[in-house]
Amino acid sequence: MTELFSTLATYLNDVFVIKFDGWVVLGFVAQAFFTMRFVVQWIASERARKSVIPVAFWFFSIGGGVLLLIYALYRRDPVFIAGQALGLVVYVRNLYFIIVNGRQASAKN
């Protein structure tokens, strides 16, 4: 059991201490953006007492997606790159629909 803990401690030291650099900071900032999108969605839903997706959700999605894509490109992770790139297309498209529909709704009033 002691060997297992020693191996785990060595692994965690390698990942969180030795390999800690500016890219890891970028990765954590990007992950914070992704976390914030869920926080703003949760708060908006609680206030409305129903499930809603505020526009800020899409801005945090785009911000987090771009930063995570940059991080994935640096790390050369093809799975991560493909996932983030596809997600960005969806986030930008949803924001586009919000902008277009918002302008159309304003023009009708």
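How many aromatic pairs does a search of the whole structure find? In this predicted model, the search returns eight aromatic pairs. One of the ring pairs is formed by Y71 and F80, whose ring centres lie 6.5 Å apart with the planes at 80 degrees, so the arrangement is edge-to-face. Y71 is buried, at a relative accessible area of 17%, whereas F80 is partly exposed, at 26% relative accessibility. The cut-off for burial is under 20%. Ring pairs also join F34, F38, F57, W58 and Y91 into a cluster.

When residues up to four places away in sequence are not counted, I62 touches L88, Y91, V92 and L95.

Helix α2 was examined along its length. It has 27 residues, which at 1.5 Å a residue should span 39 Å, and the C-alpha atoms at its ends are 39 Å apart, in agreement. The N-terminal end of α2 is capped by D21, which places a side-chain oxygen 3.1 Å from the backbone nitrogen of W23. Following α2 is R49, with a positive phi near 60 degrees. The buried residues of α2 are V24, L26, G27, A30, F34, R37, V40, Q41 and S45. An α-helix has 3.6 residues a turn, so residues three or four places apart point the same way. Among the buried residues of α2, F34 also belongs to the aromatic cluster.

Notes:
Residues numbered from 1 in each chain as written. Predicted model: local features only at pLDDT ≥ 70, side-chain atom pairs only at ≥ 80, totals over all residues. Heavy atoms only, no water. Contact = heavy atoms within 4.5 Å. Phe/Tyr/Trp six-rings, centres within 6.5 Å; stacked < 30°, edge-to-face > 60°. Buried < 20%, exposed > 50% of the residue type's maximum accessible area, 1.4 Å probe, protein only. Helix = DSSP H or I, 4+ residues; strand = E, 2+ residues; numbered from the N terminus. Expected span 1.5 Å × (residues − 1). Polar contact = N/O pair within 3.5 Å; in protein donor to acceptor, adjacent residues only side chain to side chain.
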